[in-house]
Amino acid sequence: MRLLIVGGGGREHALLWKLAQSGDAEALYCAPGNAGTAALATNVPIAADDVTALRDFAQRERIGCTVVGPELPLVRGIVDAFEAAGLRCFGPVRRAAALEGSKAYAKDVMHRAGVPTAAHAAFDDAAAADRYVDELGAPLVVKADGLAAGKGVTVCATQAEAHAAIDASMRRRAFGAAGSRVVIEEFLDGEEVSFMALTDGVALVPLASSQDHKRLGDGDTGPNTGGMGAYSPSPLVTPALERAIMDDVMRPVIATLAADGIRYRGVLYAGLMVAGGRAKVLEFNVRFGDPECQVVLPRLRSDLLALVLAVTDGTLAACTPEWDARASAGIVLAAAGYPGEPVKGTPIAGLPDGRPGRAGGTGAWDDGVIFHSGTARRGAETVTAGGRVLTVTALGAGIADAVAHAYGGVARVRFDGMQYRHDIGARAGARRDPARR
């Protein structure tokens, strides 16, 4: 089967890397791709959100299945456009993708589904939002309603910080139209967990759990980012908690959407806050997480393409994914200036030479693989081309072992201004590594 992966980040490199291992993958394309995807597929110079051009390419090249990585094309209706043209496309339709496209809409669905989440209110007027902050007090969280590339959430320890966040989002339009409306909600204490499941709109199949690190600096300091590293599995997601998440969060949301006439197909990702063995939903995403995808897929032993086709064809109920019992960890290497304006064009040294590692793909060491995000080719060099540049991922007997292997891989890579956290997995290290999925 001829496959197209839409996107150009580390998530898309990981998806391509795993799909390429399928015996049914005949030809691979990635739009727009990066320097890493070019080693596995033909990069196509089409922007990920250019729905019309992508549809035309898929028709012209007889693409059997398109897998969409980022959220923006999903929110813009790429699946609707492809299906109208008779093309198979993995991901939710536009109405379902609104779960990520509008935090206010997601809260409405959660309320109607009875899903545990933070108390909240949505505002189109900045003055009204300011008054709500004064009434509610701090700490609290201010979220841009629309898509803001993972940077529209501000955790505010004081009311002054909340007022500043409202001003930045609604008055100064730091996030463009995405921040013209904000959702203000109570601060939830605990640890964040990423929980993803595949669904064909009826059946739901959980994927391996993971935990992300959002803040730029060690000890969860500094600004929020798109994610600076992750590990899988999460020690917090016990079998009992996984059942609760499936029963109290995932199935009710899919059922509520179905009652609205929306059949959700693709990945449903719940960002959760876990405290005292219970989970509340922080937000929903409608695609694989980044960098969660880069630590979950290396543990997947099953054929990813077979699972993707089961989702699009409505036969997921017959699938039970198999997982590597080892843990995985991924360290994000970011460019100078990130999460602000990143420095581009910096040469990268120490990248893999193409030898296969036991993690199943191109790696520089056994059990390790490097996924490219913001990279490009400049002559014979690979250079930085975005904020998050690489994710160095490794497997290990437990989380601590996987983290040690991943940092061993980080030590091999060099570029000027390289930023990364030194404490990925530190919280998990304080716990006994469990036998989790």
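## The cavity and its lining

On a 1 Å grid over the protein atoms alone, a cavity is a set of points where a 1.4 Å probe fits but cannot get out, and its lining residues have an atom within 4 Å of a point. This is a predicted model, so local features need pLDDT of at least 70 and side-chain atom pairs count only at pLDDT 80 or more, while totals for chains, interfaces and linings use all residues. Residues are numbered from 1 along each chain as its sequence is written, and side-chain values use heavy atoms, with hydrogens and water left out.

Counting cavities of 30 Å³ or more gives 1. The largest cavity holds about 40 Å³ of space, where a volume is the space filled by probe spheres set on the grid points, which are joined across faces, edges and corners. Val68, Leu74, Phe90, Gly91, Val267, Val286, Arg287 and Phe288 line the largest cavity. By class, this lining has 6 nonpolar, 1 polar and 1 charged residue; Ala, Val, Leu, Ile, Met, Phe, Trp, Tyr, Cys and Pro count as nonpolar, Asp, Glu, Lys and Arg as charged, and the others, Gly among them, as polar.

## Nonpolar cores

In soluble globular proteins, nonpolar side chains tend to be buried together. A nonpolar core here is a set of buried Ala, Val, Leu, Ile, Met, Phe, Trp, Tyr and Cys residues joined through side-chain atoms within 4.5 Å; buried means under 20% relative accessible area, exposed over 50%, and partly exposed in between (1.4 Å probe, protein chains only). The largest nonpolar core has 53 residues, of which Ile78, Leu99, Met250 and Phe284 touch the most other members. Helix H9 (residues 239-259) gives the most to this core, with 8 residues; helices (H or I, at least four residues) and strands (E, at least two) are DSSP runs, numbered from the N terminus. Apart from this core lies another, of 39 residues, among them Leu15, Ala203, Tyr269 and Ala310.

Which residues does Phe284 touch, not counting those up to four places away in sequence? Its partners are Leu99, Glu100, Met110, Val249, Val253, Leu268, Tyr269 and Ala270, with contact meaning heavy atoms within 4.5 Å.

Tyr264 is found in the loop between H9 and strand E16 (266-275). Buried or exposed? Tyr264 is buried, with a relative accessible area of 1%. Leaving out residues up to four places away in sequence, Tyr264 touches Pro92, Ala96, Leu99, Thr199, Asp200, Gly201, Ile254, Leu257, Asn285 and Val286. A polar atom of the Tyr264 side chain also lies 2.7 Å from the backbone oxygen of Val267.

Tyr264 and Ala97 are 167 residues apart in sequence, yet their C-alpha atoms are 8.6 Å apart in space. Ala97 is one of the buried residues of helix H5 (residues 94-101), along with Ala96, Leu99, Glu100 and Gly101. The cover over the buried residues of H5 includes helix H3 (71-75), helix H6 (103-113), H9, E16 and strand E17 (278-285).

## Helix H7 and Asp130

Helix H7 covers residues 126-136 and includes Asp130. The buried residues in H7 are Ala126, Ala128, Ala129, Asp130, Tyr132 and Val133, and what covers them includes strand E6 (120-123), strand E7 (140-144), helix H8 (159-171) and strand E9 (182-186). At the start of H7, a side-chain oxygen of Asp125 reaches to within 3.3 Å of the backbone nitrogen of Ala127. Gly137, with a positive phi near 80°, follows H7.

Asp130 has a relative accessible area of 14% and is therefore buried. Its side chain makes a polar contact with the side chain of Arg171 (2.8 Å); such a contact is a pair of N or O atoms within 3.5 Å, where within protein one must be able to donate a hydrogen and the other to accept it, and residues adjacent in sequence count only if both atoms are side-chain atoms. Beyond its neighbours within four places in sequence, Asp130 is in contact with His163, Ile166 and Arg171.

## Backbone exceptions

Most residues other than glycine have a negative phi, and most peptide bonds are trans. Ala31 and Pro32 are joined by a cis peptide bond, with omega about 0°, and Pro32 sits in strand E2 (residues 27-32). Another cis peptide bond joins Tyr338 and Pro339, with omega about 5°; Pro339 is in the loop between strand E18 (327-334) and strand E19 (368-372).

Arg62 is not a glycine, yet has a positive phi of about 55°. Arg62 lies in the loop between helix H2 (51-60) and strand E4 (65-68) and is exposed, at 61% relative accessible area. Asp220 also has a positive phi of about 55° without being a glycine. Its place is the loop between strand E13 (215-217) and strand E14 (221-224), and at 34% relative accessibility Asp220 counts as partly exposed.

Definitions and conventions. 1 Å grid on protein atoms, 1.4 Å probe; cavity = no way out; pocket = protein on both sides within 12 Å on 5 of 7 lines; lining within 4 Å.
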